Amino acid sequence: MELRKAKKENNPLFLMRLAKSGDQNAFGQIYELYFVPVFRYIFLRVQNKSDAENLAQDVFLKAYKNIDNFQEKNREPLTLFFTIARNTVIDFWKKKKEILIEDERDLMTTEDPLETIKKSDDWRRIISSLEKLSEDQQEAINLRFISGLSSREISQILKKSEEAIRQLQSRGLRILREYLNE
């Protein structure tokens, strides 16, 4: 009985139901489960740790304020958070007039593995190649291979069919392969 209860308490859908009924501890558990994937997704889109942290906080604040609107309908709660994150990043870039270039000294003082990877030549080549893809291809590849979402979850976030998502990923990977082999 205890094992069943523990599994149920760690189930994101169960936690969302509790949070929707006003349980703040349940939302805290959701935050702990989803913060890192949401942060990574945002970080790869904005390329700035401070902005990514702020935007990730905004995502959870928006989700908390609108939790009453969450409808299960065969949706994992993570898709809600990624949908909010995607829209938050879009809004961020709309508001941003110029791209800020982060001071390299700040990159040298961090021990964050994503920052270390970002400094490498391979990272720069990958980012440069990703920028050559369409926005939808970038999103599909980022959500699949960086965030680890399934095609079904991505289709819910991007509001496209699973087949369309697989095609975006396939075409995007083919283009990336060509650019990276050059």
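Me: Which residues does Phe 92 touch, not counting residues up to four places away in sequence?
Reply: This is a predicted model, in which local features need pLDDT of at least 70 and side-chain atom pairs count only at pLDDT 80 or more, while totals for chains, interfaces and linings use all residues. Residues are numbered from 1 along each chain as its sequence is written, and side-chain values use heavy atoms, with hydrogens and water left out. A contact means heavy atoms within 4.5 Å. By that rule, and with residues up to four places away in sequence not counted, the residues that Phe 92 touches are Val 46, Asp 51 and Leu 55.

Me: How far apart in space are Phe 92 and Leu 55, C-alpha to C-alpha?
Reply: Phe 92 has its place in helix H5, where helices (H or I, at least four residues) and strands (E, at least two) are DSSP runs numbered from the N terminus. In sequence, Phe 92 and Leu 55 are 37 residues apart. In space, C-alpha to C-alpha, the separation of Phe 92 and Leu 55 is 8.2 Å.

Me: Is Phe 92 buried or exposed?
Reply: The terms rest on relative accessible area, with buried meaning under 20%, exposed over 50% and partly exposed in between (1.4 Å probe, protein chains only). Phe 92 has a relative accessible area of 13%, and therefore Phe 92 is buried.

Me: How many helices does the secondary structure of the chain come to?
Reply: From the N terminus on, the elements of the chain run α-α-α-α-α-α-α-α-α-α-α. The secondary structure includes zero strands, and its count of helices is 11.

Me: Why are H3 and H5 described as oblique, and at about what angle do they pack?
Reply: Two packed helices are described by the angle between their axes and the distance between the axes. Axes are lines fitted to C-alpha atoms, for helices over the stretch in contact, and angles run from 0 to 180 degrees between N-to-C directions. Angles under 35 degrees count as roughly parallel, over 145 as roughly antiparallel, 65 to 115 as roughly perpendicular and the rest as oblique. H3 and H5 are therefore oblique to each other, since their axes are 10 Å apart and pack at an angle of about 40°.

Me: How many nonpolar residues does the contact of H3 with H5 have?
Reply: Ala, Val, Leu, Ile, Met, Phe, Trp, Tyr, Cys and Pro count as nonpolar, Asp, Glu, Lys and Arg as charged, and the others, Gly among them, as polar. Residues that meet here include Phe 27, Val 38 and Arg 45 in H3 and Phe 81, Arg 86 and Phe 92 in H5. With no polar and two charged residues in this contact, the number of nonpolar residues is 16.

Me: How do H9 and H10 pack, and is their crossing left-handed or right-handed?
Reply: Helix H9 (residues 135-146) and helix H10 (residues 151-158) pack at an angle of about 140°, with their axes 10 Å apart, and are therefore oblique to each other. The contact is made by Asp 136, Glu 139, Ala 140, Leu 143 and Arg 144 of H9 and by Ile 154, Ile 157 and Leu 158 of H10. A crossing is left-handed if the near helix is turned anticlockwise from the far one by less than a right angle, and right-handed if clockwise. The crossing in which H9 passes H10 is right-handed.

Me: What is the relative accessibility of Glu 139?
Reply: Glu 139 is found in helix H9. Leaving aside neighbours within four places in sequence, Glu 139 is in contact with Tyr 41, Arg 45, Arg 86 and Leu 158. Glu 139 counts as buried because its relative accessibility is 2%.

Me: What is the phi of Lys 159, roughly?
Reply: Lys 159 is found in the loop between H10 and H11, and Lys 159 is exposed, with a relative accessible area of 67%. Although Lys 159 is not a glycine, its phi is positive, at about 55°.
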